[in-house]
Amino acid sequence: MSVQGDDWPHSGPQTPGPPASADDPMDGGIGLTAAPTALPSVLARAVAFAAIVVAAVCGGLAGWATGALQCSLDCVGPALGGTVIGALAAAAGVAALAALVLRSMSEWADQASVQLRPRSTPQGRRRAGARTDNKAVRK
């Protein structure tokens, strides 16, 4: 029994998107087009990642200092525990904030694109700079 028959759900005819331009190197010559994405820019994601790493290092240093203050002699346990707990707590907190900031950046970009779209009127699309109150301009 063959799996690739007419009953296979993914073996039906595939309808590609609109043809891409001939000089598009990203489609591999098969006519694929990229869908718009709501992801923040790569720079914004890299900055968020760097902020999480910096927060983990700072939290680890603060935890190490707190753990080292708990001992009067050389003891590794409290200092190591404070380092791990401080790093994890700081990284988790900044990661949550970074996720909220990146999500809000996506929503701001979406709202900006909505505001830039031309609005349609009952008479059709209005011209840029056209009057909307339908009153004649008196000189």
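Analyst: A search of the whole structure finds one disulfide, the term standing for a pair of cysteine sulfur atoms within 2.5 Å. The partners are Cys71 and Cys75, whose sulfur atoms lie 1.8 Å apart. The disulfide is right-handed, because the torsion about the S-S bond of Cys71 and Cys75 is about 130 degrees. This is a predicted model, in which local features need pLDDT of at least 70 and side-chain atom pairs count only at pLDDT 80 or more, whereas totals for chains, interfaces and linings use all residues. Residues are numbered from 1 along each chain as its sequence is written, and side-chain values use heavy atoms, with hydrogens and water left out.

Cys71 counts as partly exposed at 22% relative accessibility, and Cys75 is likewise partly exposed, at 28%; here buried means under 20% relative accessible area, exposed over 50%, and partly exposed in between, with a 1.4 Å probe and protein chains only. Another cysteine, Cys58, has a relative accessible area of 46% and is partly exposed.

Helix 1 spans residues 42-69 and contains Phe49, a residue that is exposed, with a relative accessible area of 58%. Together with Val53, Val57 and Leu61, Phe49 makes a nonpolar surface patch of about 390 Å².

Helix 2 covers residues 77-116 and includes Ser106, which is buried, with a relative accessible area of 18%. Leaving aside neighbours within four places in sequence, Ser106 is in contact (heavy atoms within 4.5 Å) with Ala38, Leu39 and Pro40. Across the protein, residues 24 or more positions apart account for 44% of the contacts with a separation of 6 or more.

Of the 139 residues of the protein, 13% count as buried. The protein exposes about 11800 Å², with carbon and sulfur atoms supplying 64% of that area; accessible areas come from the Shrake-Rupley method with a 1.4 Å probe, and for residues only the protein chains shown count as cover.

Technical notes
Patch = residues over 30% accessible without salt bridge, like charges linked within 9 Å, V, L, I, M, F, W, Y side chains within 5 Å. Salt bridge = Lys/Arg side-chain N within 4 Å of Asp/Glu carboxyl O. Helix = DSSP H or I, 4+ residues; strand = E, 2+ residues; numbered from the N terminus.
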